[in-house]
Amino acid sequence: MKVRALKQSQVLSLIVFAVGVFVLLGWALGNDLMTRVFPAFIAMKANTAVCFVLFGVSGFFMSSTNRAAKIFAGLAAAAGGLLAALTLGEILLGWRLGIDEFLFVDTLDPGGTADPGRMAPLTAVCFTLLGLIS
C-alpha cells in the first residue's frame with residue numbers, strides 16, 4: 001500500500017479538527033481548562049467547537065481528488081455555516097432556537113456571556129462566511 005504525504009492544508013485542517021475535539025472533550029468531562037485557549041479567557045462554547053470540527057473535516061477532504069470526499073467536505077462546511085447562520089439569527093433577530101446549549105449546558109462560565117452557550121457574534125459571522133465560500 002502506498003502512503004502519501006499530507007498536504008500542508010490537510011495538516012492545518014487536522015489541527016483545527018483536533019482543537020474542536022479537545023474542547024468538546026473538555027465540555028464532556030467538565031474540565032474547565034480544556035475549554036479555554038488561555039486560563040484567563042472565557043470558555044470556548046460547544047457550538048464553536050462543533051464548527052471547528054466541521055470546518056476541520058471540510059478542509060481535510062476539500063483537497064481530495066475523490067468526488068465523494070469533495071461532496072462530504074462541502075456538506076461539512078455547509079453544516080458549520082448553517083449552525084453559525086442560525087446563531088446569527090438568534091443574535092440579530094432574537095430567535096430562541098435552543099441550539100446554544102443543545103450539547104452541553106454552559107456551567108463553566110455562567111457569568112461570562114449574556115447568553116450561556118452561545119458563540120460570540122464575530123465568531124458566528126466568520127463561520128457563516130466560511131460556510132458560504134466552501
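This is a predicted model: local features need pLDDT of at least 70, side-chain atom pairs count only at pLDDT 80 or more; totals for chains, interfaces and linings use all residues.
**Group meeting talk: rings, cores and a pocket**

Glu 90 is buried, with a relative accessible area of 3%.

Glu 90 has its place in helix 3, and if we leave aside the neighbours within four places in sequence, Glu 90 is in contact with Trp 95, Arg 96, Leu 97, Gly 98, Ile 99, Asp 100 and Arg 118. Leu 86 is also placed in helix 3, and with the neighbours within four places again left aside, the contacts of Leu 86 are Trp 95, Leu 97 and Ile 99. Leu 86 is partly exposed, at a relative accessible area of 29%, whereas Glu 90 is buried. For a sense of distance, Leu 86 and Ile 99 are 13 residues apart along the chain, and their C-alpha atoms are separated by 8.4 Å.

Ile 99 leads us on to the nonpolar cores. Which residues make up the largest nonpolar core? There are ten of them: Cys 51, Phe 55, Ala 77, Leu 83, Ala 84, Leu 88, Ile 99, Met 119, Ala 124 and Phe 127. Three helices, namely helix 2, which covers residues 46-62, helix 3 and helix 4, each supply at least two residues of this core, and it is helix 3 that gives the most, with four residues. As general background, nonpolar side chains in soluble globular proteins tend to be buried together.

Another core lies apart from the largest one and has eight residues, among them Leu 24, Ala 43, Ala 49 and Val 53.

Not counting residues up to four places away in sequence, Phe 127 touches Thr 48, Cys 51, Phe 52, Phe 55, Gly 81, Ala 84 and Met 119. Phe 127 also belongs to a cluster in which ring pairs link Phe 52, Phe 55 and Phe 127.

That brings me to the aromatic rings in general, where a search of the whole structure finds six aromatic pairs. One of these pairs is formed by Trp 27 and Phe 104, and this pair is stacked, with 6.2 Å from centre to centre and 20 degrees between the planes. What does this pair tie together? Trp 27 lies in helix 1, residues 8-29, and Phe 104 lies in the loop between helix 3 (67-93) and helix 4 (121-133), so the pair joins parts that are 77 residues apart in sequence.

Phe 60 counts as buried at 19% relative accessibility; the cut-off matters here, because buried means under 20%. Phe 61, by contrast, is partly exposed at 30%.

Phe 61 is in turn one of the residues that Phe 72 contacts: setting aside neighbours within four places in sequence, Phe 72 is in contact with Val 57 and Phe 61. Phe 72 is found in helix 3 and is partly exposed, with a relative accessible area of 44%.

Next, the loops. Val 105 is placed in the loop between helix 3 and helix 4 and is exposed, with a relative accessible area of 54%. The C-alpha atoms of Val 105 and Thr 48, which are 57 residues apart along the chain, are separated by 14 Å. In the loop between helix 1 and helix 2 we find Pro 39, which counts as exposed at 65% relative accessibility. From Pro 39 to Phe 55 it is 16 residues in sequence and 25 Å in space, C-alpha to C-alpha.

Finally, the pocket. How many residues line the largest pocket, and which lie nearest its centre? The lining has 14 residues, of which Ala 43, Met 44, Lys 45, Thr 48 and Thr 123 lie nearest the centre. The volume of this pocket is about 240 Å³, and its lining residues divide into eight nonpolar, four polar and two charged.

How values were computed
Residues are numbered from 1 along each chain as its sequence is written. Side-chain values use heavy atoms; hydrogens and water are left out. Rings of Phe, Tyr and Trp (its six-membered ring) pair if their centres lie within 6.5 Å; planes under 30 degrees apart count as stacked, over 60 as edge-to-face and the rest as tilted. Buried means under 20% relative accessible area, exposed over 50%, partly exposed in between (1.4 Å probe, protein chains only). A nonpolar core is a set of buried Ala, Val, Leu, Ile, Met, Phe, Trp, Tyr and Cys residues joined through side-chain atoms within 4.5 Å. Contact means heavy atoms within 4.5 Å. On a 1 Å grid over the protein atoms alone, a cavity is a set of points where a 1.4 Å probe fits but cannot get out, and a pocket is an open set with protein on both sides within 12 Å along at least five of seven lines; lining residues have an atom within 4 Å of a point. Grid points are joined across faces, edges and corners, and a volume is the space filled by probe spheres set on the points. Ala, Val, Leu, Ile, Met, Phe, Trp, Tyr, Cys and Pro count as nonpolar, Asp, Glu, Lys and Arg as charged, and the others, Gly among them, as polar.
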